[in-house]
Each structure stands twice: as structure tokens, then as C-alpha cells.
Amino acid sequence: MRILWFFVLTLSILPGTAAASDIASSVNGGSNRLADGGDFELGMSVYGINQIDVRQTGSGTAQLSLLISGMYQYKGMFVEMIHQSQDGVNLGVNLWSSEDWSFDLLLANLQGSWSRPDVDPSTLDEAGRNAYLLSEDSLYIGAGFRATRYWGDNYVFQYRLVSDYYDDQGIQSSARLGKSWQVRNWNFHVLGSVGYSSATLNRYLFGVSKEEATERFPEYHPSSSFSYGMELGVAYPLSESFVFRAMYRFNVLSQEVTDSPFNQAGYASYFNASISYVF
């Protein structure tokens, strides 16, 4: 987690003007994407998420959290930690941009993941293996590329592919199409997505080996999978410096995930509302 907080600190000390490449920022009213500079937001948000996994905490009732969001780019290099993004923290370089296209090399992509203690599960009893399988918070650290297509100020398509190089967790990719429109000072958006996870990633996150298996968590070997999602959101400027945002996201999980002994639901449902100060 020290790596994640390094990027948080980096974002907090960089000055800037508006610029963005993450699709979450594009459909939320991001502008001036080709200019050097950036922005930073600090605020509070309330969120709610359903129980998807037995290892998951913070699900159920609405919870309050600190909002830290921002991005900065200079001569093609960029760092992003965008509020409401599905893609975590990004560090990369823009390889080529035009009015309609943008191609980025992602040098480091950080997302939440699971890890298990560095012990031999065959040396543990049943209770010990159950505790072992309940895991700890970890990071997925990958690299890859991102291609984005823009149509005017209202439509954006983005394809992204990354492969983990920190802990060999596998490959994930996504294709997303978003549309935004403005009604007076309200900026609405809709975002549809298709996500892919490799067999290696699914086995790392949701699988149980023969040596790890218990009565509660039987042996399970998932293959690669696709998931599908939809997001609706709105942003409204309360003043020159404060902005209100709200969104609802719904993802249908694949059978490879729902058949896992860790799984608790066939879908992921997420709501977030926030007020932030824009620097």
C-alpha cells in the first residue's frame, strides 16, 4: 500500500489546469485533454456496495469516505487517480494524440487485489486453511496500453489491456463506450462496458487449489471470463470550486466468478455520491 500512497502524495503536490485521459473523467466533463497540467480534488463521498465476496468488507449500508482525486500530465507523461474510475491508479506516457484519437502506454496500473500468507497450506489444519484462504488486501500492479476514440464532445470509446508484472496475476482488459450530455448546468453520462479476465487472474482471485481446499472452500479452478456493466452518473457545479457528483454502476458477473466458493452474488452493484473542492 506504500506504492499507492506515493501516487496519492504525488497528486497532492502537483499544480495544474484541467486535463484527463481516463474515460471516467471524459464522461464526467473532463476537458483540454491535450494540454500540460492537471487538476486535484479533495472532498467527501458516501458509497454503498453489495456483498459480492466473503472476504469483502465495507459492504451493505452506506458508508462515508474521504475523496482524493486528480491527474497531472507533462509532455505526454501522466499520473491519474480519478474519482469513480474502474481502473485504479495509472502512471504512463501518451504515445500519440490527435483530435479524435489517443494512444497511451501504461507503465504502472495499480488496483485492489487479494493475497494469501506466504506459508505452505499443506502444513495447516482445516481451520488454519480457512483463515489462510480469507486472504489479505493486496495490489495488482500491471502494465499495458490504452486506446481512446473521441467523437466530438459527447461520445468516447476506450480499450485497455494490462498484464500484472508484480505478482504474475494475469491479464485483464476492458472495452467501454460512454456518452455525456448537458442539461443546463447538469452534466449526465452513461457508460457501457465489457471486461475480460484471464484464467490466471481468475484462479489467483477466485480459485482454490487441491492443497488449499477445505469443506467450506472446496477445490475450484476457473477459466477466463467476460463481465458486462452499465453506469449512470451526473455532475453539477455547486460553485466555481465545488462540484457534486453521483453515479450508479451495475456489473453482471461471469459464471467463472459466481461458481467460486468465495462468491456471494451474481452481480456487483455500486452507488457513490460526493462533494469535492476542485483545485
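**Notes on the fold, core and cavity**

1. Let's start with the surface: the protein chain exposes about 13900 Å², and carbon and sulfur atoms supply 59% of that area. Please keep in mind that this is a predicted model.

2. On the overall build, the protein chain contains 5 helices and 12 strands. Of its 279 residues, 47% are buried. Sequence separation is worth a look too: taking contacts between residues at least 6 apart in sequence, 60% join residues at least 24 apart.

3. The largest nonpolar core has 12 residues in all: I52, F78, L106, W114, Y140, V162, L201, L205, F206, L253, V257 and A268. Two elements, β5 (101-115) and α4 (199-206), each supply at least two residues of this core. The largest share comes from α4, with 3 residues.

4. Beyond its neighbours within four places in sequence, F78 is in contact with Y72, Q73, N90, L91, G92, V93, N94, D104, L105, L106 and R146.

5. Finally, the cavity. Searching the whole structure turns up 1 cavity of 30 Å³ or more, and the largest cavity holds about 40 Å³ of space. Its lining is formed by D22, I23, A24, Q84, S85, Q86, D87, R176, L191, E231 and R249. Sorted by class, that lining has 5 charged, 3 polar and 3 nonpolar residues.

Conventions. Residues are numbered from 1 along each chain as its sequence is written. This is a predicted model: local features need pLDDT of at least 70, side-chain atom pairs count only at pLDDT 80 or more; totals for chains, interfaces and linings use all residues. Side-chain values use heavy atoms; hydrogens and water are left out. On a 1 Å grid over the protein atoms alone, a cavity is a set of points where a 1.4 Å probe fits but cannot get out, and a pocket is an open set with protein on both sides within 12 Å along at least five of seven lines; lining residues have an atom within 4 Å of a point. Grid points are joined across faces, edges and corners, and a volume is the space filled by probe spheres set on the points. Ala, Val, Leu, Ile, Met, Phe, Trp, Tyr, Cys and Pro count as nonpolar, Asp, Glu, Lys and Arg as charged, and the others, Gly among them, as polar. Helices (H or I, at least four residues) and strands (E, at least two) are DSSP runs, numbered from the N terminus. Buried means under 20% relative accessible area, exposed over 50%, partly exposed in between (1.4 Å probe, protein chains only). Contact means heavy atoms within 4.5 Å. Accessible areas come from the Shrake-Rupley method with a 1.4 Å probe; for residues, only the protein chains shown count as cover. A nonpolar core is a set of buried Ala, Val, Leu, Ile, Met, Phe, Trp, Tyr and Cys residues joined through side-chain atoms within 4.5 Å.
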